[in-house]
Amino acid sequence: VDPEEEEAKKPALQIEHLINPEPATDDLSIALASLHVWEGQAMTYIGDEPHMRQAEYKFVEAIQQIDAFLAAVPADDFRNEIRRWRAKFALAFAYRVRGYFRRVRGLLPDSIEDTRKSAALWREMKMENELATSLNNLGFALSSIGRPEDARSLVEEALELRRARGSRSLVGLSLNTLALIRLRDSAYPTAVDLSERALTLFRALRDQRGAGLALIALSDTLRRYSEGTFMLTVEDKIKHLREACDCAQEARSIFEQSGERERQIETLINEGCAYRDWVSLRRNHPNPRDNVERLVAKSEQSLRMAVDLAGPELLYRKVDALINLGWLGFSAGMYDLLIEATEQAEATIPAEYRFSAAHGFPTVPWEEAQMLLWPQLGKLHILYGHRAFQDLVTLPGPAPASILAEITRHYTLGLEYNSLHGSDFPGLRSARDQVYNRLKRMEVSDLHTIAQHVIRITAEFHLQSSTLQELLQNRALWYG
């Protein structure tokens, strides 16, 4: 336990001990509930399992306490109206902070529901600064589940409210959230521009946390920008990847100082992925300026650090780091690393998140699901499919039936898992293009065989339709 963090909590705990209200109608119960929320927020930033468990308890207790107060205090006179207004303020704040906590946990439907409740209360109370923060958070959460239009509208409203009130640092946060939404639309130049504007604003205001968030967004955008075919040269792509690494490293330094664990993990994953993509480019386009072994080592180090830091409590971040480590093994031709990382990822993901012949659709209740695990399973199966395809192209003669079956199985499941997260988001778009770019090279006779496997696998897992079949039909590769 961090002694400084424990010391910082002492004043709140002492106040809590002095307050200790008894009846639900005691105004001090709202003050205590608010203290619980502030403590829960601090614990969420720390992010380890003991603090996350305590934070969840604090939020539940606070919201129950405020609900009990509102139920017990009638709106029968002016004084009670003021008391109820204070309680609603505290409730809106509690819902917003718990919404953030649930997003960090990967519980996106619950996070969205809490944040919507928060926004509705702020709007009712005409608290426009607070409303803007909840709208911004809600927009980001909706963009994470593939709802870019709603996300953009909400964040643009937040930006308008913040500009009207001259809240420059908060304007920067909305600009950065818009950048992340545009990133998910694959509008990379726009996303870079928005993140750079946010970063300039934060630096002028000496807002370190804001600068860290903008650097994370910029790092992710520059890396994904380098994947596209629209950039002219390999050296242009390397330049973007180098900048992505620099941004991630600077952001990590900021969040190490503040102790925000989830953000540190994010920077490590961004850095590891940027070095991994750099490895892939340099293996195909060698240059003496870049030592591939050194790049591999940097990528592996960052991703392993992310795995260790995530631990069991930030499950989807741990899985994300492990699967990206597997992709590093594939990109670098290090198949022992690929096997090690993917086996760890398989062991980490709960069985109820998977399609099965027995149950078909994953059995985890939708409202309890960490939805971000599904695109990770998608990435995992696409990786398996690419590995099998690589084996196929190295073999002389006709394609073995067993390898065609393996490729089809993994590509079918990979696209289905991605589709569970949303029908249109960068991971699914990238996966579709990667699959298409491989299967378009195959003989028509092999495509006939693949179509039959798709039909069989769709029936085996009780799928209502096949995303792979739809892709092959749309791109004139379906021979079923």
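Is W122 buried or exposed? W122 is buried, at 0% relative accessible area; buried means under 20%, exposed over 50%, and partly exposed in between, with a 1.4 Å probe and protein chains only.

This is a predicted model: local features need pLDDT of at least 70, side-chain atom pairs count only at pLDDT 80 or more, and totals for chains, interfaces and linings use all residues. Residues are numbered from 1 along each chain as its sequence is written, and side-chain values use heavy atoms, with hydrogens and water left out.

1. **Aromatic pairs.** The rings considered are those of Phe, Tyr and Trp (its six-membered ring), and two of them pair if their centres lie within 6.5 Å. Planes under 30 degrees apart count as stacked, over 60 as edge-to-face, and the rest as tilted. The count by this rule is twelve aromatic pairs. One of them joins F89 and W122: the planes stand at 80 degrees, so this pair is edge-to-face, with ring centres 4.9 Å apart.

2. **Where F89 and W122 sit.** F89 belongs to helix α4 (residues 78-104) and W122 to helix α5 (residues 108-125). The two residues are 33 apart, and their pair links distant parts of the chain. Helices are DSSP runs (H or I, at least four residues), as are strands (E, at least two), numbered from the N terminus. F89 is partly exposed, at 26% relative accessibility. Ring pairs also bring in W85, giving a cluster of W85, F89 and W122.

3. **F355 and Y417.** This aromatic pair is tilted, with 45 degrees between the planes and 4.9 Å centre to centre. F355 is in the loop between α15 (335-348) and α16 (373-393), while Y417 is in helix α17 (residues 401-421), so the pair ties together parts 62 residues apart in sequence. F355 is buried at 9% relative accessible area. Y417 is buried at 2% relative accessibility.

4. **Charges over rings.** The criterion is NZ of Lys or CZ of Arg within 6 Å of the ring centre and within 35 degrees of the ring normal. R387 places its charged end over the ring of Y335, 3.9 Å from the centre. R475 does likewise with Y436, at 5.0 Å from the ring centre.

5. **Positive phi.** Most residues other than glycine have a negative phi. R206 has a positive phi, near 55 degrees. R206 lies in the loop between α9 (188-205) and α10 (208-227), and is exposed at 76% relative accessibility. H462, also not a glycine, has a positive phi of about 55 degrees. Its loop runs between α19 (444-460) and α20 (467-474). H462 is partly exposed, at 49% relative accessibility.
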